[in-house]
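Take a moment to look it over first.

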Amino acid sequence: GGYGDVNLDFFGFGEVGLTRPVELNTRAGMIAQNLKLKLGELPVFAGFVQRFVSASIGPKSLGDLSGDFLPPELQERWEEIVRDLLTQDVVTSALGGVIELDTRDNFFSPRHGYHYQLEYLLYRDFLGSDIDYELTKLYARNYWMIGDNLRTALRVDFEFADNDEALLPPFATPDITLRGIPAMRYQGNYVAVAELELGWHVDPRWTLLGFGGIGKASNKFSDLGDATSRVAHGAGFRYLIASRYGFEMGLDIARGPEDTVFYIQTGTSW
């Protein structure tokens with residue numbers, strides 16, 4: 001459980017974007033629960049998930065959305081319309097199920113093994129949600145050693161929001177999550193992401209990394225293949241700070257379509 005007061009730039013959904021971002025303020029309380037049970041001797045877990053978010057959303061700053069196409073006397077009215085559209089108090093509440101396969105050799109900083117998870121969430125009025133929709137998430141993490149000093153990892157994610165409403169709140173809409181791309185920068189009801197990471201173990205403690213990824217977001221599944229590809233790449237290093245637990249820490253620098261971002265990493269990048 002927790003509470004947050006966050007300001008983030010909002011750029012629109014899918015291929016429908018704003019010429020200039022709107023700074024949105026989101027104040028939200030959240031409760032989330034996962035209960036997973038191991039199935040016998042198999043590396044498989046299954047269980048239930050619960051999510052609850054109560055949020056107040058509103059524009060903190062509209063910037064200059066009108067550009068040059070509105071005369072000054074209409075600017076105030078235009079900003080009032082946009083502010084009304086983006087301001088809301090909303091509750092999302094869901095129950096769902098999860099199944100997970102985990103064969104990683106280490107929970108913190110794996111070098112080989114697989115970690116797959118499928119999660120389904122049902123948001124409904126009888127659960128206390130103001131919006132009825134379903135959210136499906138598929139996460140796949142693959143780790144391999146290539147020889148003694150080279151490791152590689154592949155991540156593939158897919159999120160799908162089955163939504164009859166016109167728009168979901170920004171905090172509830174799937175977004176492209178890649179190093180080098182800000183949170184909520186590219187959003188849509190359908191999001192697909194793939195990222196490849198290559199690591200070279202210089203010695204038992206130090207590892208140099210290179211990585212690159214691609215993501216797509218759209219509001220319709222039929223448009224996902226033709227959606228604009230958002231590419232990010234970068235490099236970093238890891239230091240084995242606790243050899244007893246196989247726990248690494250380090251830094252990454254990543255370049256996305258617009259920004260260059262530094263990250264302090266603890267454990268696996270994902």
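Buried means under 20% relative accessible area, exposed over 50%, and partly exposed in between, with a 1.4 Å probe and protein chains only. This is a predicted model, where local features need pLDDT of at least 70, side-chain atom pairs count only at pLDDT 80 or more, and totals for chains, interfaces and linings use all residues. Residues are numbered from 1 along each chain as its sequence is written, and side-chain values use heavy atoms, leaving out hydrogens and water.

Q: Is N189 buried or exposed?
A: N189 sits in the loop between strand 7 (150-163) and strand 8 (190-201); strands here are DSSP runs of E with at least two residues, and helices are runs of H or I with at least four, numbered from the N terminus. Its relative accessibility is 14%. Because that is under 20%, N189 counts as buried.

Q: Which residues is N189 in contact with, leaving aside its neighbours within four places in sequence?
A: Contact means heavy atoms within 4.5 Å. With those neighbours set aside, the partners of N189 are E159, F160, A161, N163, L168, P174, S218 and N219.

Q: What pattern does the protein follow along the sequence?
A: There are 1 helix and 12 strands in the protein. Reading along the sequence gives β-β-β-α-β-β-β-β-β-β-β-β-β.
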